[in-house]
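Here is a short report on one protein chain. Keep the sequence and the 3D view open as you read.

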Amino acid sequence: WNDRKAFCQEVIKAQNADLICVQEAQIVHYSDLRAGLTGYDSFGLQNPALDFSPCNAMFYSRSRFDLISGGGFWLSEQPHVAGSISWDSARPRFANWVQLRDRSSGHEFRLWNLHLDHIGQVARENQARVLVEGSQVFGDDLPQLLTGDFNCDASNPALDIIKSGGWVDTYAAVHGPEEPGITYHAFVGMKFADQRPPEKFVGKMDFVFCRGPVEPLAAEILRDSRDGKYPSDHFFVSAVVALR
């Protein structure tokens, strides 16, 4: 981390993003990002089962947004029990959310951030279902955004559950449904795809979804590197959207 943190922050800052969501950030990552992203406030649940908390933090522009409320729940059969685990999940998983108001337009919207399990397929599907149930209570009038490392690509049934719940993949909305390739790359870039046998290929597993009156305008996979080094073991993904 000490060797890549400056580059990581440089890549993030270059996007001039209003919203930034991270997954699996250990406390040292989170602390350095908070110190470096000076124009942002942040929110994230603490996970009592892990030493690196808050690992799924959300950063939002301090000058553009007012925080209305924030919270979250565990992606389990006991969503309000911190650290709870269900199905074949290898570890506790949870979803954060913040309700924000855009000062310039007055629009309110909800931003979700999660990280689905990396082992259990049954868990991924049920975790997706818990998220869908939590987001559907707001109906179709509230703009909502969902970011995350889903640990599976668009062909997985867990993603079908997300999309059946009214969520739209911003990347597919802009570029079409074809698989764009890997986003997890284990710090070696695109050549990681050639190192895995075809039966173990997992394509784009990092997504920005939208729901309700949100229009995707642009989407990108950021494959920045410098001298063969990468800011993360995943390519970052970005989206530009309009709240209608």
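Asp149 sits in strand S7, which covers residues 144-149. Helices (H or I, at least four residues) and strands (E, at least two) are DSSP runs, numbered from the N terminus. The model is predicted: local features need pLDDT of at least 70, side-chain atom pairs count only at pLDDT 80 or more, and totals for chains, interfaces and linings use all residues. Residues are numbered from 1 along each chain as its sequence is written, and side-chain values use heavy atoms, with hydrogens and water left out.

**Around Asp149**

Is Asp149 buried or exposed? Asp149 is buried, with a relative accessible area of 4%. Buried means under 20% relative accessible area, exposed means over 50%, and partly exposed lies in between (1.4 Å probe, protein chains only).

Which residues touch Asp149, apart from neighbours within four places in sequence? They are Gln23, Leu114, His115, Leu116, Met205, Asp206 and His234. Contact here means heavy atoms within 4.5 Å. With His115, the side chain of Asp149 also makes a polar contact of 3.0 Å. A polar contact is a pair of N or O atoms within 3.5 Å; within protein, one must be able to donate a hydrogen and the other to accept it, and residues adjacent in sequence count only if both atoms are side-chain atoms. Tyr230 is 81 residues from Asp149 along the chain, and their C-alpha atoms are separated by 17 Å.

**Salt bridges**

Side chains of opposite charge can pair when their charged atoms come close. A salt bridge is a side-chain nitrogen of Lys or Arg within 4 Å of a carboxyl oxygen of Asp or Glu. How many salt bridges does a search of the whole structure find? The search finds 11. Among them are these pairs:

| Pair | N to O distance |
|---|---|
| Arg91 and Glu24 | 3.7 Å |
| Arg62 and Asp41 | 3.0 Å |
| Arg93 and Asp117 | 3.3 Å |

Take Arg91 and Glu24, joined by a salt bridge. Arg91 lies in the loop between strand S4 (65-74) and strand S5 (94-102), and Glu24 in the loop between strand S1 (19-21) and helix H2 (27-36), so the pair ties together parts 67 residues apart in sequence. Arg91 is partly exposed at 26% relative accessible area. Glu24 is also partly exposed, at 38%.

Next come Arg62 and Asp41, whose side chains meet in a salt bridge. Arg62 is in the loop between strand S3 (58-61) and S4, while Asp41 is in strand S2 (residues 40-43), so this pair ties together parts 21 residues apart in sequence. Arg62 is partly exposed, at 37%. Asp41 is partly exposed too, at 28%.

Arg93 pairs with Asp117. Arg93 lies in the loop between S4 and S5 and Asp117 in the loop between strand S6 (108-115) and helix H3 (121-136), so the pair ties together parts 24 residues apart in sequence. Arg93 is buried at 6% relative accessibility. Asp117 is buried at 0%.

Salt bridges also link Asp18, Arg64 and Asp102 in a network.

Strands of a sheet pair through backbone hydrogen bonds, either parallel or antiparallel. Here, three strands form an open sheet in the order S1-S3-S2, with antiparallel pairing. S1 and S2 stand at the edges with a single partner strand each, so one side of each has no neighbour in the sheet. Neighbouring strands of this sheet are turned by 20° against each other on average, direction ignored. Axes are lines fitted to C-alpha atoms, for helices over the stretch in contact, and angles run from 0 to 180 degrees between N-to-C directions.

Two strands pair if DSSP finds at least two bridges between them. S1 and S3 have three bridges, in the antiparallel sense. Leu19 has Tyr60 in S3 as its bridge partner.
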